[in-house]
Amino acid sequence: MGNGEESYWLWPGLVLILLPSTLAADKESSLLQDWHDVWLFRFFLNVLGYATIIIPGYFLIGYFKRINYLETGRGICYPVIKACVFGSESKTGLLDDVSIAPRNDADSGSSARQAFKLVFCAAGLQTSYLTWGVLQERVMTRSYGASTPEEEGERFKDSQFLVFMNRILALTVSGLWCLLFKQPRHGAPMYKYSFASLSNVLSSWCQYEALKYISFPTQVLAKASKVIPVMLMGKIVSHKSYEYWEYLTAALISLGVSMFLLTSTTGKHPSTVTTFSGVVILVGYIVFDSFTSNWQDNLFKCKMSSVQMMFGVNLFSCLFTVGSLLEQGAFFDSLAFMTRHSEFAFHAVLLSVCSACGQLFIFYTIAQFGAAIFTIIMTLRQAIAILLSCFLYGHAVTMVGGFGMAVVFLALFLRVYARIRMKAGRRAPQPQVQKV
């Protein structure tokens, strides 16, 4: 009885001792969860995850170059290290027949066959990316698991997992393509893909994350205006020069986007702070995406095919994203969300399929008809995507905002037209020289 009474009187003391620590732990967990809801905190977490892979890789590359591993190295790992750090010494390989031969066939084919190929390319691009855009907005702005309209359901929040899903399927498709079809001898060191891969992962993350704060039409219009930062990045990275009509159309695009953003509002995102966050994330997307395209242009000088570029970039993208997800413990949380909501699993897989197929259609369209026709198709896709989003998700656009959209797309078509005329002018004198 004495021991029982003694233990009885000890319980309140233990509760009083453990209660503050329990409350502190709960408070710390709640505070961490609150911080995790801040997009800037998640962004830095992702960057820290990438740094744990980039920094050791940087020192390893420096070490192999310092010891002149290309001449002294031996063993089973030698071909892998050579390809990753040094690349092939031969940089004069021809581009693969897949990217050259179809273009010649296109020039010599019949008009009916050409028309069929053009319709096929346009339909493939429109279907892939319009479906991708609709699913992107569905996944990031709607909840899963609600059986009635009154229930809130559960929203998926980890944009990085969606980036990983897209990249792992694109890596598989491009890898199989490289195995099945002849490719040029690869010359660039593999690590150079990591620069474009990092900026591509960050731009994709910003693209998904921005939909939590701004409407899809706003995002599409901002993406259409990325020609301006691309031009700026081109001058900084590649020291490019531009024609007067490129500056003129860039100014028209800026005017149209400003008209749309200043006059179009949505009831769903009325907060100025929220809208500001969306704009900052979109600026991040445009900056990262502009760097990706310019870096890839420089990398293509090493004579590689587009599918090899796709494989290299997606390989590092998978490495970065899966490493960061595992370090944060978010990978298995996302998988658990997929098991709880089969509809989300279907959307995520279909999103990845559309992304991978869209990339292949991009390569095929450019190989068959050139970049100008491809740009026209994708510009039409952006306009249709805005209309489709407004129809499906009820986004309101004012008359002035609609006029601003028209100005943007008019400027984009003017860019394509001016580029075609300029190329035609360069080709025109050639027959006259031959006649003389």
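Student: Which residue forms a salt bridge with E343?

Tutor: Side chains of opposite charge can pair when their charged atoms come close. The term salt bridge is used here for a side-chain nitrogen of Lys or Arg within 4 Å of a carboxyl oxygen of Asp or Glu. In this predicted model, E343 forms a salt bridge with R138, and their closest N and O atoms are 3.6 Å apart. E343 lies in helix 15 (residues 342-369) and R138 in helix 6 (residues 111-141), so the pair ties together parts that are 205 residues apart in sequence. Helices (H or I, at least four residues) and strands (E, at least two) are DSSP runs numbered from the N terminus.

Student: What basis do the numbering and the values have?

Tutor: Residues are numbered from 1 along each chain as its sequence is written, and side-chain values use heavy atoms, with hydrogens and water left out. Since the model is predicted, local features need pLDDT of at least 70 and side-chain atom pairs count only at pLDDT 80 or more, whereas totals for chains, interfaces and linings use all residues.

Student: What else does the charged end of R138 sit over?

Tutor: A charge sits over a ring if NZ of Lys or CZ of Arg is within 6 Å of the ring centre and within 35 degrees of the ring normal. The charged end of R138 sits over the ring of Y144, 4.2 Å from its centre.

Student: To which aromatic cluster does Y144 belong?

Tutor: A pair of aromatic rings is described by the distance of the centres and the angle of the planes. Rings of Phe, Tyr and Trp (its six-membered ring) pair if their centres lie within 6.5 Å; planes under 30 degrees apart count as stacked, over 60 as edge-to-face and the rest as tilted. Y144 forms one aromatic cluster with F156, F161, F164, F331, F332, F337 and F344. The structure holds 25 aromatic pairs. One of them, Y58 with F59, is edge-to-face, at 5.5 Å centre to centre and 75° between the planes; both of these residues are exposed.

Student: How many salt bridges are there?

Tutor: The count comes to four. In one of them, the side chains of R42 and E209 meet at 1.8 Å, N to O. R42 lies in helix 2 (residues 39-66) and E209 in helix 8 (residues 193-210), so this pair ties together parts that are 167 residues apart in sequence. R42 is buried, with a relative accessible area of 11%, and E209 is buried as well, at 0%. A network of salt bridges links R42, E209 and K212. Elsewhere, R340 and E154 meet in a salt bridge (2.7 Å, N to O). R340 is in helix 14 (residues 330-340) and E154 in the loop between helix 6 and helix 7, 186 residues apart.

Student: With which side chain does the side chain of S159 make a polar contact?

Tutor: A polar contact is a pair of N or O atoms within 3.5 Å; within protein, one must be able to donate a hydrogen and the other to accept it, and residues adjacent in sequence count only if both atoms are side-chain atoms. The side chain of S159 makes such a contact with the side chain of E209 (2.6 Å). S159 lies in helix 7 (residues 159-180) and counts as buried, at 1% relative accessibility.

Student: Which residues touch the most other members of the largest nonpolar core?

Tutor: In soluble globular proteins, nonpolar side chains tend to be buried together. A nonpolar core is a set of buried Ala, Val, Leu, Ile, Met, Phe, Trp, Tyr and Cys residues joined through side-chain atoms within 4.5 Å. The largest core has 73 residues, of which L125, F161, L162, Y193, L221 and F344 touch the most other members. Helix 8 gives the most to this core, with eight residues.

How values were computed: Buried < 20%, exposed > 50% of the residue type's maximum accessible area, 1.4 Å probe, protein only.
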